[in-house]
Amino acid sequence: MHVRLKARSEIEKLRRANLIVRDVLDLCQELARPGVTTWDMEEAARSYIQRAGARSAFLNYQPSSDMRPYPAVLCTSRNEKVVHGIPDRREILEEGDILSVDFGVFFDGYCGDAARTYAIGKVSDQAAHLIRTTEEALELAIAKMVPGNRVSDVGDAIQRHAEAAGYSVVRDFVGHGIGQEMHEPPQVPNLGPPGRGLLLSPGLVLAIEPMLCEGTWKVSILDDGWTVVTRDRKLACHFEHSVAVTEGDPLVLSRR
Ligand code: MF3
Ligand code: CO
């Protein structure tokens, strides 16, 4: 599959979809406190999607025929859950938890996709450090989104920052191109070595999503068919932005 660069008008549409994503993640951030359930967040996201006239990119998503359609509009991945956790009425957030919320929509034919990890109340120093390091890794990766660099320079920035802090990087899930589809080529592994893969040029739009682990990077899938957890059940953390390469600085579509 080949990579199609986006015209300025398309990047404008990707921006509008991502502004909806950003607003929903802001809404979830306000809800991210002890006593709230992940289903409360799901309901808030569903009602926002409706008001915005958008369509969920996740609900009923089925990457292959041997997978169940994804049953929610959010992925809510708490503590040892890495990604693709399913919101649940019985899942009550507790002080000290960390929670990744991932959200995507289609609006006017284009997809927005982003994720953030929230601290629930006061968290341990270790958990706070993992969150900070993952967010820093994403920022360092975004800075690599300039013409002349290659796709693996983005992943290399993530891997170096993560491993320098003593964390591991998930191998089994990757970032991706994004446009009229949620998942477009190229894949964006969160790994080096640098200088490999597609040459970055203006109009390339990638969803960059570092997934860092306290312990092993090896993961398992729970019986629900979706939820990805660390094999050692230690903490994992996930952030994601949709980012366009321009002639100048990287354009982060999913933030203010
Ligand atoms: N941000 C995730 C991704 O890019 C969201 C997919 S969740 C799914 O793969 F449920 F839709 F699969
Ligand atoms: Co994504």
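Over how many bridges do strand 9 and strand 14 pair, and in which sense? I found that strand 9 (residues 205-208) and strand 14 (residues 241-244) pair in the antiparallel sense over four bridges. I count helices (H or I, at least four residues) and strands (E, at least two) as DSSP runs, numbered from the N terminus, and two strands as paired if DSSP finds at least two bridges between them.

I noted that this is a predicted model, in which local features need pLDDT of at least 70 and side-chain atom pairs count only at pLDDT 80 or more, while totals for chains, interfaces and linings use all residues. Residues are numbered from 1 along each chain as its sequence is written, chains are lettered from A and ligands numbered from 1 in the order in which they are written, and side-chain values use heavy atoms, with hydrogens and water left out.

I traced five strands in an open sheet, in the order 8-7-9-14-15, with antiparallel pairing. Its edge strands are strand 8 (184-188) and strand 15 (251-252), each pairing on one side only. I looked next at helix 4 (residues 151-164), which packs on the sheet and touches strand 8 and strand 9; contact means heavy atoms within 4.5 Å.

**Hairpin**

I followed strand 4 (residues 98-107) into strand 5: they pair in the antiparallel sense over ten bridges and form a hairpin with two residues between them. Aspartate 108 in the turn has a positive phi of about 55°. Within the pair, valine 105 stands opposite glycine 112. Nine of the ten residues of strand 5 (residues 110-119) are buried, where buried means under 20% relative accessible area, exposed over 50% and partly exposed in between (1.4 Å probe, protein chains only).

**Cobalt site**

I listed the residues that coordinate the cobalt ion (ligand 2): Asp113 (OD), His176 (NE2), Glu209 (OE) and Glu240 (OE), at 2.0 to 2.3 Å. Donors are N, O and S atoms within 2.8 Å of the metal (3.2 Å for Na, K and Ca); water is not among the atoms, so sites may look incomplete. Aspartate 113 in strand 5 and histidine 176 in strand 7 (residues 175-177) are 63 residues apart, and both are buried.

**Backbone exceptions**

I recorded a cis peptide bond from proline 185 to proline 186, the latter in strand 8. Another cis bond runs from glycine 192 to proline 193, in the loop between strand 8 and strand 9. Asparagine 79 has a positive phi of about 55° and is buried, with a relative accessible area of 16%.

How values were computed:
Axes are lines fitted to C-alpha atoms, for helices over the stretch in contact, and angles run from 0 to 180 degrees between N-to-C directions.
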